[in-house]
Amino acid sequence: MTDSSIWMPLYIGDYLADTQLLSTEQHGAYLLLIMAYWKNQGPLPNDEAILMSVCKLQPAKWKVCKPAVMKFFQVRSSMLVHKRIDKEIKNTKELRDKASAKAKKAANTRWEKDASSNASGNAPSIPSSIAQSSSPSNARSNASHNHNHNTTPVPVESWPDADLDTGEIL
């Protein structure tokens, strides 16, 4: 699976051509929905509470934005489907698979070449590597290393429920 939290293709010309009539608030809601779709790597539930939560809108604001934003999605089996994002997800997976196959082939070729030349290894032993990584200077350099490495998409089933009247997360 791609690391969907790092990037998402957004073709500015195509986006603006399709969304010229949206208000600023509708743009925000639509962008948040397509980002959630990308992060989830697939359709979103057609659930008012979840959609309001994703869009960060109160019920009255969602009621105004919904008609314009929903024109970009199709409802299938209680899920919102976006053909363009599905196409981009598929293309990205195909490119990733091709790059992975190419890298594996290159690695196999390299290792076969190294094995046939009887090259000796020069990697440090595990205990010395551990000792180096836990040294005080390394501890200081890692002290500010605090970004989140959890990039797994959050499954739709674990999205929070929200009150339809207030939009508050339950």
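The legends below describe close-up views of a predicted model.

**View 1. An open sheet of three strands, in the order E1-E3-E2.** The pairing in this sheet is antiparallel. Strand E1 (44–45) and strand E2 (74–76) stand at the edges and each has a single partner strand, so one side of each is left without a neighbour in the sheet. Strands of a sheet pair through backbone hydrogen bonds, either parallel or antiparallel.

**View 2. The pairing of strands E2 and E3.** Strand E3 comprises residues 79–81 and is joined to E2 by three bridges. The two strands run antiparallel. Within this pairing, Val75 has Leu80 of E3 as its bridge partner.

**View 3. The largest nonpolar core, with 27 residues.** The members that touch the most other members are Tyr30, Leu33, Tyr37, Leu44, Trp62, Val69 and Phe73. At least two residues of this core come from each of helix H2 (24–40), helix H3 (48–55), helix H4 (59–70), strand E3 and helix H5 (83–116). Helix H2 gives the most, with seven residues.

**View 4. The surroundings of Phe73, a member of the largest nonpolar core.** When neighbours within four places in sequence are left aside, Phe73 is in contact with Tyr30, Leu33, Ile34 and Tyr37, and also with Leu80, Val81 and His82.

**View 5. A nonpolar patch on the surface, formed by Leu10, Ile12 and Leu16.** Together, these three residues have about 250 Å² of accessible area. Leu10 lies in the segment before helix H1 (12–19). The relative accessible area of Leu10 is 39%, so this residue is classed as partly exposed.

Terms used: Residues numbered from 1 in each chain as written. Predicted model: local features only at pLDDT ≥ 70, side-chain atom pairs only at ≥ 80, totals over all residues. Heavy atoms only, no water. Pairing = 2+ DSSP bridges. Helix = DSSP H or I, 4+ residues; strand = E, 2+ residues; numbered from the N terminus. Core = buried A, V, L, I, M, F, W, Y, C linked by side-chain atoms within 4.5 Å. Buried < 20%, exposed > 50% of the residue type's maximum accessible area, 1.4 Å probe, protein only. Contact = heavy atoms within 4.5 Å. Patch = residues over 30% accessible without salt bridge, like charges linked within 9 Å, V, L, I, M, F, W, Y side chains within 5 Å. Areas by Shrake-Rupley, 256 points an atom, 1.4 Å probe, with all protein chains shown as cover. Salt bridge = Lys/Arg side-chain N within 4 Å of Asp/Glu carboxyl O.
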